[in-house]
Amino acid sequence: MPQPITPPGYRQITSVAKDDQDDLVFLDEHPAATTDTSTTGVWRVMIIDDDEDVHSTTTFALGNLDMQGRPLEFVHAYSATQARQLLATETDIAVILLDVVMEQDDAGLHLVRHIRETLKLADVRIILRTGQPGYAPEIDAIRDFDINDYKTKSELTRIKLYTTVTSAIRSYEQIRKIDDSRRGLNQIVHASTELMALHGVQNFASGVLAQIGDLLGIPASGVLCVKDCPGDGGCHELMVMAACGRHAHLDHGAHAHARHVHHAPLADDSIRAVMEQALAQRGNVYGPDSITLYFAGKASRDFVAYLDVTTPPSDINERLLDVFCGNVAVGLDNVELVSHLHNAAFYDQLSKLPNRTRLLEMLEERLAASTTVEPADQQATLALVDLDHFSETNDALGHQFGDLLLVSVANRLRADLGRHVTVARIGGDIFALLGDANLVTPAALLALFQQPFRIDGQDVQLSATLGLVRLEEHEGSGGDALKDADIALKRAKSQQRAGYCYFSRSMGVEIRERVRMMHALRTAFGQRQLFVMYQPQIDLETRRPVGAEALLRWQTEDGTFVSPDRFIPIAEYSGLIIDLGEWVLRTACRELMAVRAAGHLDFVMSVNVSQVQFRHPHFLEMLRRALEETGAPPQNIELEITESMAMEEPDLLIEMLDQIKQTGVSIAIDDFGTGFSSLSYLQRLQVDRLKIDRAFVTEITGSARGSSIAEMVIQLGRNLGLTVIAEGVEDERQAQILHALGCPLAQGFLFARPMKADALQVWLNGEK
């Protein structure tokens, strides 16, 4: 489509509207000075904006148009300060187009306060405009200062600007016309204020019906509905938001949840017909025994109210209702938006249950109430219900199936536990239950999962693991109670699935100690309190060193050593093991190069790798980089993995080990014999060495079974073509038996304790 030609002296401003005909072409010039002609027969519009272009484009858009049979006259102010000066002397201003952000971010709102409170100008209509949507006024400001409308400058095309100003002038004209009826005007202001103070869609809608009755001086009897016409070719049903008087039955079944929006379809055909008439003509319909009021909503969403009357309203009452409808329409839009935002903030959109945020509110309310009741009445329990292996079901059958399953679980929990127990969904497959201790029990909750769930014609059997907190034993906030329940849940999952665990104070002490150690470990790593020691590995035939195992150690500032059994799990849990592991590998590689420089060319450096490291997506890249940057020969580096790690997801491990083997690095399985290895997988893993666990070495001389397990591992290694090394050798008798059984290598206190790098060099030189 050819682009329009912009004449000299003009600039084109393109609106954000979808329709091309909304594009504007405005003169690029300063606005003309306001004349001193009489204001009689004109609408006076004040433009307050620090951008001169806004003044010129606005006057160009509206300057030649008549509104309500009158032309417009413009008064210009280029700052909030100048506007204050002009408003002190200017009269009969009908509409103020006001920029929110001028000298300061909230200059416009301060000016609104000045207009309403200091100057007492109640009639003038105020339209806020901003080029920065982030400075939108709060609902309280719209309510308190009677702001007529709020728009971003980008959405005010010529047509929309005309519509907005026309609406404001109509509102101003109506207000001025009924100035002589101060009672009605005061009632409207009072009604609007009262309505804005109401919370929730149903309360607001009910308040609208009540206020209409007050304006007309009759008891309210009617119904208020909403209708969506999304522009897809069809409109939705009229849905009841509120009903009262003889029509109260029409909203039966609506609002099933107090804080979640539910509307019921309008069931009265005669009322529907007159409402459709009001919607079609986009105006009020006055009959002999009823009135139907139209409230123009936004985004193809309109509202309409039907009320019984004994006599038709007077002209002044009709005008009052027109003004009232204009005010209420904005309020209905806003309160629905706020309600939907509230529901999104406090309710899970899939299950319609309270979410984590709402649960925390309820917990705080329950804990606060417990301080005012007898101890016997405050025994409540919070339980977390974690569906076992739900992610596998979700992955196997699809997310849509998984969603249906979650909804089915939510419905069963809600239906079977009853209204005295709060059911919430606080995570993907984690539900929370809050209620009296005699209702929220492990037996009752686990029993709910004995029967399968019927989903799309399939029976799905689920189990669940529980973490529970007795609130009468709890000290702290609702958030603390939820954390305690999560601690109990993790403990239950670590023990067994489909089980449960109650939180105890010892768990809290344990978790706090873990957090303390985690912070201390990070500090220690940064302050170089961690170091690497090396334990030599010996050839049992020649008793000469063939390598060493790199061992991470931690010595605190006071000289105390922290056991690796304590800090390694913390490092894995916190993720610090990734950085620690890379540092240990690089340190070991550099020490290997030092050993080789001293003449020990066949020396092999063995480095432990945790499961967390191995699963890291950049582990292989880190390994290659460490080898390249230190110059360590790959064939002299060995990575040790645990047997349990080797057996978890073996197919993925096989692929990873194959890539590692391609670098030239060898693989050993540590603590072999303590797990439950599959020999078929072991054969596919292509490892190079098995390490006999120290427990089986001890058994050689200290158990009735003697050397049975150690002998079995040695024989297995021989059959699979793997080297075998025994660890934890502490006396000569053990070394001799291992050698006799055919074990070629060993390490332990009999030969050498772990030592620092400089000591290792001295020890190796002494062994030459």
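The following conversation goes through a predicted model of one protein chain.

Reader: How many helices and strands does the chain have?

Author: The chain of this predicted model has 26 helices and 30 strands.

Reader: And what share of its residues count as buried?

Author: Of the 768 residues, 48% count as buried. As for contacts between residues at least 6 apart in sequence, 66% of them join residues at least 24 apart.

Reader: What is the mean pLDDT of the chain?

Author: The mean pLDDT is 81, and 81% of the residues reach 70 or more. Residues 1-39 have a pLDDT below 50, and this stretch has 58 contacts in the model beyond near neighbours in sequence. Over residues 253-261 the pLDDT also stays under 50. For residues 253-261 the model has 21 contacts beyond four places in sequence.

Reader: Which residues line the largest cavity?

Author: The lining consists of Gly581, Leu585, Val607, Asn608, Val609, Gln613, Phe619, Met622 and Leu639. By class, six of the lining residues are nonpolar, three are polar and none is charged.

Reader: What about the second largest pocket; how much space lies in it?

Author: About 1,300 Å³ of space lies in the second largest pocket. It is lined by 42 residues, of which Pro564, Asp565, Ile568, Asn608 and Asp670 are the closest to its centre. Asn608 also lines the largest cavity.

Reader: Which element gives the largest share of the pocket lining?

Author: Helix 16 does, with seven residues. Helix 16 spans residues 564-574. Other elements that each supply at least two lining residues include strand 23 (545-555), helix 18 (611-615), strand 26 (637-642) and strand 27 (666-672). Helix 17 and strand 25 are also among them.

Reader: How many of the pocket lining residues are charged?

Author: The lining of the second largest pocket has 12 charged residues, together with 18 nonpolar and 12 polar ones.

Reader: A change of topic: how many aromatic pairs does the structure hold?

Author: The structure holds seven aromatic pairs. One of them joins Phe449 and Phe453, with ring centres 6.0 Å apart. The planes of these two rings stand at 55 degrees, so the pair is tilted.

Reader: Are Phe449 and Phe453 buried or exposed?

Author: Phe449 is buried, with a relative accessible area of 5%, and Phe453 is buried at 1%.

Reader: Why does the pair of Phe531 and Phe561 count as edge-to-face?

Author: The ring planes of Phe531 and Phe561 are at 75 degrees, so the pair is edge-to-face, because planes over 60 degrees apart fall in that class. The ring centres of this pair are 6.2 Å apart. The pair links distant parts of the chain, with Phe531 in strand 22 (residues 530-539) and Phe561 in strand 24 (residues 561-562), 30 residues apart. Phe531 counts as buried, at 15% relative accessibility.

Reader: Where is Gly559 found?

Author: Gly559 is in the loop between strand 23 and strand 24. Gly559 is partly exposed, with a relative accessible area of 32%. The C-alpha atoms of Gly559 and Gln529 are separated by 9.9 Å, while the two residues are 30 apart along the chain.

Reader: What is the phi of Arg528?

Author: Arg528 has a positive phi of about 60 degrees, although it is not a glycine. Arg528 lies in the loop between helix 15 (505-526) and strand 22, and it is exposed, with a relative accessible area of 71%.

Reader: And what is the phi of Asp456?

Author: The phi of Asp456 is near 50 degrees, a positive value in a residue other than glycine. Asp456 is placed in the loop between strand 18 (453-455) and strand 19 (458-460). Asp456 is exposed, with a relative accessible area of 63%.

Conventions:
Residues are numbered from 1 along each chain as its sequence is written. This is a predicted model: local features need pLDDT of at least 70, side-chain atom pairs count only at pLDDT 80 or more; totals for chains, interfaces and linings use all residues. Side-chain values use heavy atoms; hydrogens and water are left out. pLDDT is the predictor's confidence in each residue, from 0 to 100. Contact means heavy atoms within 4.5 Å. On a 1 Å grid over the protein atoms alone, a cavity is a set of points where a 1.4 Å probe fits but cannot get out, and a pocket is an open set with protein on both sides within 12 Å along at least five of seven lines; lining residues have an atom within 4 Å of a point. Ala, Val, Leu, Ile, Met, Phe, Trp, Tyr, Cys and Pro count as nonpolar, Asp, Glu, Lys and Arg as charged, and the others, Gly among them, as polar. Rings of Phe, Tyr and Trp (its six-membered ring) pair if their centres lie within 6.5 Å; planes under 30 degrees apart count as stacked, over 60 as edge-to-face and the rest as tilted. Buried means under 20% relative accessible area, exposed over 50%, partly exposed in between (1.4 Å probe, protein chains only). Helices (H or I, at least four residues) and strands (E, at least two) are DSSP runs, numbered from the N terminus. Grid points are joined across faces, edges and corners, and a volume is the space filled by probe spheres set on the points.
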